[in-house]
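These are my notebook entries on one protein model.

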Amino acid sequence: LKLFVDTMSVVTLFVSASTSAVKAERRFQKGDTIEHIKSKLELVVGVPAGSQRLHLRGADGKDICILDGVDVLLGAYPVEDFLTLFVENTDSTAVVGEFEDVSKVEKFELSKDEYESRQDTVRAFKERMKMGRFNPEFEEKKAAKLKEEEELISTMKVGDRCEVTTSSGTHRGEVKYLGNTKFKEGKWVGIQLDEPFGKHNGTVKGHAYFSCGDKYGLFLKPASVRVGEFPEEDLDLDSDFEL
């Protein structure tokens, strides 16, 4: 009698552990050995492979079987999609959640002067490679862009009708705010759309720039806004029902 083992399929399992609050969803090859799977799980749950006992559990949380083989293939067990692979930590000295409380981790801190004096930091690398703000052209381009935005925004005023194009299409609305914001540098145009295709109600990250209905508010750069005679469109929702 030959036992057929499915080694080609992939199975999706939920992963949890006895010594951590980890709850993850992972895909496994049925052709992988239990030893190989344990090495993968070590990175997920933080339990050393040698201290793992794997339980295959059903939706009711009860054990179906123990995956106790080493060279045995996962496909040799009754694994199915969306069962749970529970990792029991057999190390009696392990503490539940010992790696999850970051307040217990000693932090390495540097003062601003110490950080800037070091040559092995991201800042030092950018400075050597003249990247970002360390590129002489960066500030020039930044200043030119700000000037362009100021010129564009000077042609607009609060109350202007406008038309904008976003990922959801072309929409019309009214200019409700012009100027700087706390959420990002540069000049921005706050718009109340005629339809709920926006992202907020005029308040962003707790700061109210203007007020409108939820999902009617939107901020765009001046170059993305066209002001002019853009009256509110009549949707005429009842016309389809008239003869």
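I call a residue buried under 20% relative accessible area, exposed over 50%, and partly exposed in between (1.4 Å probe, protein chains only). The model is predicted, so I note that local features need pLDDT of at least 70 and side-chain atom pairs count only at pLDDT 80 or more, while totals for chains, interfaces and linings use all residues. Residues are numbered from 1 along each chain as its sequence is written, and side-chain values use heavy atoms, with hydrogens and water left out.

Entry on backbone angles. I looked up F82 and found a positive phi of about 70°, although F82 is not a glycine. Most residues other than glycine have a negative phi. F82 lies in the loop between strand 4 (63–67) and strand 5 (84–89); helices (H or I, at least four residues) and strands (E, at least two) are DSSP runs, numbered from the N terminus. Is F82 buried or partly exposed? F82 counts as partly exposed because its relative accessibility is 48%.

I then turned to K215, which has a positive phi of about 75° and is not a glycine. K215 is found in the loop between strand 10 (207–208) and strand 11. At 41% relative accessibility, K215 counts as partly exposed.

I recorded an open sheet of five strands in the order 11-8-7-6-12, with antiparallel pairing; two strands pair if DSSP finds at least two bridges between them. Strand 11 (217–220) and strand 12 (225–227) stand at the edges with a single partner strand each, so one side of each has no neighbour in the sheet. The twist averages 40° from one strand to the next, where axes are lines fitted to C-alpha atoms, for helices over the stretch in contact, and angles run from 0 to 180 degrees between N-to-C directions.

Strand 8 (residues 188–193) runs antiparallel to strand 7 (residues 169–179), and six bridges join them. Within strand 8, V189 is the bridge partner of L178, and G190 is the bridge partner of Y177. Strand 8 also pairs with strand 11 in the antiparallel sense, over four bridges. There, G190 stands opposite F219. How many of the six residues of strand 8 are buried? Five of them are, and strand 8 is thus mostly covered.

Entry on helix 4. The 18 residues should span 26 Å, and the end C-alpha atoms are 27 Å apart, which agrees. At the start of helix 4, a side-chain oxygen of N135 reaches to within 2.9 Å of the backbone nitrogen of E137. F138 lies in helix 4 and is partly exposed, with a relative accessible area of 34%. Not counting residues up to four places away in sequence, F138 touches G132 and R133, where contact means heavy atoms within 4.5 Å.

Entry on cysteines. I searched the whole structure for disulfides, meaning pairs of cysteine sulfur atoms within 2.5 Å, and the search finds zero. C65 is buried because its relative accessible area is 18%, and C212 is buried at 14%.

Methods
Expected span 1.5 Å × (residues − 1). Polar contact = N/O pair within 3.5 Å; in protein donor to acceptor, adjacent residues only side chain to side chain.
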